[in-house]
Amino acid sequence: MNPRGHLLLLGLNHEQAPLEVRERFALSPDAVESLYAAAGRDPDVLGCIILNTCNRVEIYLYAHSSKPIDSLRREWLRQTATDAELLAPHEIRKEGETVLAHLMEVAGGLRSQVVGETEILGQVKQAYAAAVARESCGSELNFFFQKAFQAAKWVRTHTAVGEGQVSVATVAVDLAGKIFGRLNSASVLVLGAGEIGARTLKALKSRGVETFSVASRTLERAAGIARNYGGTVLPFENLATNLHFYDIVIASTAAAEPVISRDLLARTRRLRPHRPLFLIDLGIPRDIEPAASDLDEVYLYNLDDLAAIARENLTTREEEVSRSTKWVGNRAREVWERFHAVSPPPTHSPSLPLRREGPAGA
Amino acid sequence: MTLFGLTDRSWILIGVVLYWAAFFYATAATLRSRRHSHLLMLALVATGLGLHTAGLYLRGLQVGGCPLGNTFEILQFITWSCIVLYLVVGSAFRVSLLGFFTTGLAALLGLGSLLVPALDAATRRSVFGPHPLVEFHAALGLFSYGVFGLLAVTSLMYLLQNYSLKRKDFRGPLSFLPSILQLDQINHRLLLTGLVLLSIALATGVYTFLSETVSLPAIKLFVIVLVWIAYLGVMLLRWSRLLHTSSTAWVCLLLFPLVLVSVWPLTLKSPPPEPPPPPALNPAAPLPER
């Protein structure tokens with residue numbers, strides 16, 4: 001038996017579970033709190049970090065025994081009001097070195113739905129930071145997560161896994177660069193107040209976009225996005241008369257019919273000669289008439305187009321995945337052996353080992 | 001006449017070989033989907049240009065003026081202009097792949113004109129006659145042809161990028177092409193620059209044509225006027241928004257081969273200046289002795 005404890009993983013992710021199963025087991029913020037509280041009540045638990053994203057719910061534990069995993073599983077089922085029979089065929093359970101290798105692969109984007117995407121590293125870091133803030137991380141999990149972040153960095157810098165954009169938002173940003181070069185002078189209009197539109201806007205802003213407006217039939221939501229990202233609100237009814245002021249249009253409304261017609265774009269083009277117009281149609285059904293794509297200097301991309309480019313980039317990435325996975329496996333073994341060779345266990349913990357009766361602040 | 005034991009053609013040949021080297025290097029890097037080293041590219045092209053300039057200088061010394069007397073010399077001068085402009089535009093705008101395309105054009109024009117000896121007709125003392133403005137007119141006009149050569153290159157780059165964006169296909173080495181907006185702005189500036197230079201050259205040509213002391217073949221001026229009208233038309237249509245950016249790029253790309261074809265009439269020699277009229281007969285003067 002391992003004298004220090006057990007590194008355990010219980011979870012559910014896109015690799016084993018389809019969307020309809022994942023959404024049943026998705027954790028609300030309250031449910032996450034309850035799970036942390038349950039882990040805190042268990043005297044066997046030395047550390048707990050819950051990674052809760054749209055594609056995965058993964059509970060990382062470091063415990064004196066493997067028993068806490070069952071109690072946390074029960075709590076998870078209770079919180080999501082689901083059956084054990086539904087979870088059983090899809091759940092993943094790992095222990096020991098394989099957990100570390102899995103964590104490194106997850107952080108490095110090797111196990112993401114879109115392999116190589118970078119958002120997951122930020123999500124793992126957020127989960128880690130949240131656990132640290134709750135003082136539920138523990139020195140052992142802290143050590144393993146730090147090593148996972150280092151492994152993720154190595155994967156990014158030493159392999160081509162991260163080359164070529166592979167998420168809809170970043171592909172759109174990449175395309176904007178091919179059209180406008182530097183994006184500092186490009187103005188953006190976000191049509192609709194959906195999450196994907198906001199995410200694309202965020203990605204564009206990270207690449208230098210300074211001016212943008214939001215137009216939505218729901219004025220409050222438009223104002224919310226404009227406030228969050230520092231833009232202005234364009235009344236939806238002024239869309240037709242103001243469209244020519246914008247270089248990039250991100251459309252993601254819930255409208256049943258296209259809100260931007262080819263005729264409107266043809267008129268808009270005449271008002272902005274020799275200036276390209278980049279249209280990103282993320283709406284389903286589509287918000288921009290597809291026939292507009294034949295207009296000169298108009299570049300129209302819908303969700304499928306962006307996804308297809310992401311897939312192409314992905315194909316080139318996949319060749320790098322096996323190399324990265326092999327390296328991560330070796331690295332996990334080294335770290336695991338080092339962890340067991342070092343006495344006392346690694347410190348530099350930003351948090352105290354989990355030894356509390358309830359969640360942080362409770 | 002030689003310089004360090006090498007003739008003008010040898011210097012030009014070495015310069016062109018370096019353009020080829022730069023082109024092959026850029027091609028290899030592009031095919032491996034890597035960005036090429038700008039420093040190495042610059043070193044190859046700048047050295048090639050130096051040697052090329054030495055060759056043209058030697059030729060100029062031989063012919064006693066700007067070496068623009070036959071098709072070979074004219075093509076070499078256009079090649080030289082393209083490379084000079086590439087170094088200016090490439091440095092100013094940091095346009096990726098411009099070196100790849102420009103060295104490709106320069107390598108083809110340079111080597112093509114070297115390989116056909118018939119293009120390098122026997123040199124002559126001067127093709128311009130005694131009037132220095134004619135030489136200025138020719139040099140400036142052909143430099144503007146170099147501008148149009150580079151414009152054809154950037155137009156091709158624009159069309160490739162436009163094709164990729166419209167077809168939504170970004171595979172392969174052309175994924176490094178610069179942004180379409182940047183290419184259009186460069187196209188516009190090159191078109192304007194070429195047009196201004198050609199206008200000055202044309203004005204000089206017309207002036208010398210009308211001058212009583214210099215006689216230019218009318219076909220030379222006619223050809224230059226045609227080229228000038230073509231590019232002026234493109235510019236005016238663009239300004240009046242009748243020509244879209246991609247149409248402008250197509251026209252600029254297709255016009256350049258016609259410009260190259262128009263080089264032939266430019267190699268026609270200027271007729272010798274007319275002899276001064278004989279002095280009026282003086283009845284008082286004694287008749288020449290038989």
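Reading a two-chain predicted model

Just after helix α10 of chain A, A:Gly230 takes a positive phi of about 80 degrees. Helices (H or I, at least four residues) and strands (E, at least two) are DSSP runs, numbered from the N terminus. This is a predicted model, in which local features need pLDDT of at least 70 and side-chain atom pairs count only at pLDDT 80 or more, while totals for chains, interfaces and linings use all residues. Residues are numbered from 1 along each chain as its sequence is written, and chains are lettered from A and ligands numbered from 1 in the order in which they are written.

Helix α10 of chain A covers residues 219–229, and A:Ala222, A:Ile225 and A:Ala226 in this helix are buried. A residue is buried if 20 or more other C-beta atoms lie within 10 Å of its own, exposed if 12 or fewer, and partly exposed in between, with C-beta atoms placed from the backbone. Why do the buried residues of α10(A) line one face of the helix? Seen down the axis, they fall within an arc of 100 degrees, so they line one face; the arc is that of the directions from the helix axis to the C-beta atoms. An α-helix has 3.6 residues a turn, so residues three or four places apart point the same way. On the other side of α10(A), A:Glu220, A:Arg227 and A:Asn228 are exposed. The cover over the buried residues of α10(A) includes β5 (187–191), α9 (195–206), β6 (211–215) and β7 of chain A.

Strands β5, β6 and β7 also belong to an open sheet of 6 strands in chain A, with the order β7-β6-β5-β8-β9-β10 and parallel pairing. Its edge strands are β7 (232–233) and β10 (298–302), each of which pairs on one side only. Two strands pair if DSSP finds at least two bridges between them. Within the sheet, β8 (residues 248–251) and β9 (residues 277–281) of chain A pair in the parallel sense over 4 bridges, and A:Val249 has A:Leu279 as its bridge partner in β9(A).

Elsewhere in chain A, strands β2 and β3 (residues 56–63) run antiparallel and are joined by 7 bridges. A hairpin of 3 residues links β2(A) to β3(A). A:Cys48 has its bridge partner, A:Leu61, in β3(A). Strand β2 (residues 45–52) of chain A is mostly covered, with 8 of its 8 residues buried.

Chain B has 9 helices and 0 strands. Of its 290 residues, 42% are buried. Two residues are in contact if their C-beta atoms, placed from the backbone, lie within 7 Å. Among contacts in chain B between residues at least 6 apart in sequence, 80% join residues at least 24 apart.

Two packed helices are described by the angle between their axes and the distance between the axes. In chain B, the axes of α1 (residues 8–31) and α4 (residues 98–115) come within 8 Å and cross at roughly 145 degrees. Axes are lines fitted to C-alpha atoms, for helices over the stretch in contact, and angles run from 0 to 180 degrees between N-to-C directions. The residues of this contact between α1(B) and α4(B) divide into 13 nonpolar, 6 polar and 1 charged. Here Ala, Val, Leu, Ile, Met, Phe, Trp, Tyr, Cys and Pro count as nonpolar, Asp, Glu, Lys and Arg as charged, and the others, Gly among them, as polar.
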